[in-house]
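Biologist: I am new to this structure and would like a close look at a single part of it. Please take me through the disulfides slowly.

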Amino acid sequence: MKALAGFLSLLLHLLLLSAAESRRLHLHLGSSAYLTTEEHWFNQTLDHFSPIDHRQFKQRFYEFLDYYQDGGPIFLKICGESACNGIVDDYISVLANKFGAALVSLEHRYYGKSSPFKYLTTENLRFLSSKQALFDLAVFRQYYQLSTILFVLQEYLNAKYNLSKVENSWFVFGVSYSGALSAWFRLKFPHLTCGSLASSAVVRAIYNFTEFDKQIGESAGAECKAALQEVTKLVDEQLQSNGSSVKKLFGAVLLKDDGDFLYLLADAAVIAFQYGNPDVLCSPLVDAKKNGKDLVETYASYVKDYYLGQFGASVLTYDQQHLKNTTPGVEESANRLWWFQVCTEVAYFQVAPQNDSIRSSKIDTRYHLDLCKNVFGEGIYPDVDMTNIYYGGTKIAVPSYLIKCHNCGHGTDLRGCPQSPLNIEGNAENCTSPEAVQKVRQQIIEHIDLWLSECQSTAGRMISSA
C-alpha cells in the first residue's frame, strides 16, 4: 500500500496516459462480450437538487445473479459516457464470481436509452452533470437494495436464523470517467458503499491538458514520436496548399473545419497507446521513415484501416455540425453529450504544448472554446476550479497501484491487454508483463476482501488502479 504521495504520482500518470478523450470513443462489442443484455428500468429523479421539481425519467439498468451467494455483496458497475447495452464480461465478473456477488450496472443519465428528453438542446442538457449522476447512483443503490429479490432473500435469512436486519455489502467499480464517478461516489456517499475501485480514474479536471500530448510522445519512443511529428508538419503544410486532397486521403472530406480534421488525426494516434496497440501504429511509421516511404500515406492507411476500421471510430463524431444535432440516435448521442460535460465540467482540453508537440499547434485552447460556443451557445465553458473544489482533485487519500508494460493502457487491470478488442474476463495473457497485472489484481482482491469483511463496522476504503 502506498501513501498519498504515491497516489499523486500514479494519478498524474493515469491522467497523462489514459484520460477520457474529449472526443467520446467507446468500444464496439459483440453479444458474446456481455454477461447479460436483459434490460430493467426504474423511475429516477430528474433534478436531485430542486425541492420543487419532482419530475422523473426512466433509467435503464442490468443485473446478473449467476454468481450470487446468499448474503453476498452487490457489485455496482458504473456505466460512463456511452450507451450501456449490458454488463460486459471483464475482470469484474471474475471478482464477482470469487466473492459470490451480484452484479448490477446503471446506465448514465442522458446516454443510451436513459434520456429524460427527446431533444438534446442545450437547455435540456442542464441536468447532465457528474453531480446529478452520483445522486442517480445513490438513489438506484437504495432502490435496488430495498426492492429486489436479493432483499427478499436477505429478509428470509434474517428471519430464519433470527439475525438482526443487515443490508448487502456494496462495492462500486468504474474505468476512466466512470472510474472518477466510482471514486467520487465513495467520497460523497461513504455510508452507501464499502469501497470503490477507480481504474484509470480521471478525478482531476484539467483546463489546458498539454501533458497529455507529452505523455503520448514518451509512450511512443523517440523514433515513432519523430515520425508522428513529421506527419503533423506535412499535413499542416498540405492543408494550406490542397486541403481537400489530404482530407480525401484520410477519408475525412466531410470535415470542413481544419481543426476538426487535425483533432481526428491526433486522436487516431492516441488510441494506439491508450488501448494497448502501440505497434500497430509505430511499426509501419518507423519502417516508412527508415525506408523513405511517404509518411502521410502510411499514416492515412493506419487511420483508415485501424482507427476508422478495426477500432470503429467515425469521422462524423469529429464534425461540429454533427455535434450540434439535437436529435441524434441512441448510440450517436454520446458524442454531443460528452462534449457538453467537457464544456461545462471537466475540460481535459488536449491542446498542443508550445514545444515538441505531436499534435498540430492549431489544436489550441481557442479551438476548444470555439467548439463549445459553436455547439452549445454563448456562455458555455468548463469551470474546472469549481469541479476540483467540489471533488478535491488529487487530494483524495487512497491506496494506489501502477501497472507498467508495453501494451498496458486504459483500464488494464479490468480489461487485460490489449484493451481493444475486448478480452473476456479481462484476460491478461497477452500483456507483455502479465505478472505485473496479476500482482495488482491480487492486491485488489486483498483490499476488497478486507473492506467487505470490515464493512459493517468501518467506513470502507477506496482503490485507484491503472
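Is Cys282 buried or exposed, and what is its relative accessibility?

Modeller: A word on the basis comes before the answer: this is a predicted model, in which local features need pLDDT of at least 70 and side-chain atom pairs count only at pLDDT 80 or more, while totals for chains, interfaces and linings use all residues. Residues are numbered from 1 along each chain as its sequence is written, and side-chain values use heavy atoms, with hydrogens and water left out. Cys282 counts as buried, because its relative accessibility is 10%, where buried means under 20% relative accessible area, exposed over 50% and partly exposed in between, with a 1.4 Å probe and protein chains only. Its partner in a disulfide is Cys224, the two sulfur atoms being 2.1 Å apart; a disulfide here is a pair of cysteine sulfur atoms within 2.5 Å. The torsion about the S-S bond of Cys224 and Cys282 is about -80°, so this disulfide is left-handed. Because Cys224 sits in helix α7 (residues 222-249) and Cys282 in helix α9 (residues 278-290), the pair ties together parts that are 58 residues apart in sequence; helices are DSSP runs of H or I with at least four residues, numbered from the N terminus. Cys224 is buried as well, with a relative accessible area of 2%. The structure holds 6 disulfides, and another of them joins Cys343 to Cys372, with an S to S distance of 2.0 Å.

Definitions and conventions
Helix = DSSP H or I, 4+ residues; strand = E, 2+ residues; numbered from the N terminus.
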